[in-house]
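Please look at the sequence and the 3D structure shown below, and keep both in view while you read. The paragraphs that follow go from the whole chain to its strands, and then to single residues.

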Amino acid sequence: ISLSPNPALSFSQNTYYYFSSTNVYSLPDLWHLALTSQWQIDPKSTFGASLSRYGDKDLNENYLEGRYGRMLSDKLTIGTTLSLFQWQFTGYDQFKYVGVQGGLAWKPSSLFTFGYTFYIHTLSKTLRVHLPQHIHKLGLSYHLTPQLSLCSQINYSWRSTLTTHWGMRYTLIPALTVLMGFSTQPFTFGAGVNIIPLPT
């Protein structure tokens, strides 16, 4: 599951619900649970919501977001997201903040999709938390074949260096898709599968 994608690209005429659960450090109290859903309001607009919970009662992060996407034309969509975040660590300061995200997507043809999104938040500077005040992302998706898609993205965080992301999505069969990608600064690699039950 990916929380906080470009809200302009979240537009879809399908209603869906996703749930994920991960435990990166294999510790019983550090599970990450996430649920996201989306509903079509009318033929040109959708509304979505996501909820994320990480940790236990002593160390936890809670995240809630609502997003709205709208089609301006067959090729252009816009969107916005409002997010609420809470962090708690027993014995240390707690903090909460609100974030606002905006996005724009342009699809000049069935092969290319361009997207831009920005994010700003209300986190107080007095807290010793290294979170960029604003983040900008510019991305491109290229459908090389009906089965294979390639994508790239440039990220700029306030007072930070540029980072790039590269990925591919390959559909083996209609019900099974393989995804792989890597990013720079620092170098990370990821892979996964997307399984869609076939209709009866």
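The model is predicted, so local features need pLDDT of at least 70 and side-chain atom pairs count only at pLDDT 80 or more, while totals for chains, interfaces and linings use all residues. Residues are numbered from 1 along each chain as its sequence is written, and side-chain values use heavy atoms, with hydrogens and water left out.

The secondary structure of the chain consists of 0 helices and 12 strands; here helices (H or I, at least four residues) and strands (E, at least two) are DSSP runs that are numbered from the N terminus. The radius of gyration of the chain is 18 Å, close to the 16 Å that the globule rule gives for 200 residues, so the chain is as compact as a globular protein of that length. For this comparison the radius is taken over C-alpha atoms, and the globule rule is 2.2 Å times the number of residues to the power 0.38. Taken along the principal axes, the C-alpha atoms fill a box of roughly 55 × 35 × 35 Å. Of the 200 residues, 30% count as buried, where buried means under 20% relative accessible area, exposed means over 50%, and partly exposed lies in between (1.4 Å probe, protein chains only).

How are the strands arranged in the open sheet of 12 strands? They follow the order β1-β2-β3-β4-β5-β6-β7-β8-β9-β10-β11-β12, with antiparallel pairing, and two strands are said to pair if DSSP finds at least two bridges between them. The edge strands are β1 (16-22) and β12 (188-195), each of which pairs on one side only. Neighbouring strands of this sheet are turned by 15 degrees against each other on average, direction ignored; such angles run from 0 to 180 degrees between N-to-C directions, with axes that are lines fitted to C-alpha atoms, for helices over the stretch in contact.

Some of the pairs can be followed one by one. Strand β3 (residues 45-55) and strand β4 (residues 59-71) run antiparallel and are joined by 11 bridges, and within this pair Ser 50 stands opposite Glu 65 in β4. Further along, 8 bridges join strand β9 (residues 148-157) to strand β10 (residues 163-173), again antiparallel, with Ser 149 having Arg 169 in β10 as its bridge partner. The hairpin of β9 and β10 has 5 residues between the strands, and Arg 159 in this hairpin takes a positive phi near 60 degrees.

Strand β10 is also joined by 8 bridges to strand β11 (residues 176-183), which runs antiparallel to β10, and these two strands form a hairpin with 2 residues between them. Tyr 170 has Val 178 in β11 as its bridge partner, and Val 178 in turn has Val 193 in β12 as a bridge partner. The hairpin of β11 and β12 has 4 residues between the strands, and Gln 185 in the turn has a positive phi of about 55 degrees.

In soluble globular proteins, nonpolar side chains tend to be buried together. A nonpolar core is a set of buried Ala, Val, Leu, Ile, Met, Phe, Trp, Tyr and Cys residues joined through side-chain atoms within 4.5 Å, and the largest one here has 8 residues: Tyr 63, Phe 85, Trp 87, Phe 95, Tyr 97, Tyr 119, Leu 123 and Ile 135. The elements that give two or more residues to this core are β5 (76-89) and β6 (95-106). Tyr 97 is in contact (heavy atoms within 4.5 Å) with residues including Phe 85, Tyr 119 and Leu 123, when residues up to four places away in sequence are not counted.

His 165 lies in strand β10 and counts as partly exposed, at 28% relative accessibility. The bridge partner of His 165 in β11 is Ser 183, and Ser 183 is also among the residues that His 165 touches.
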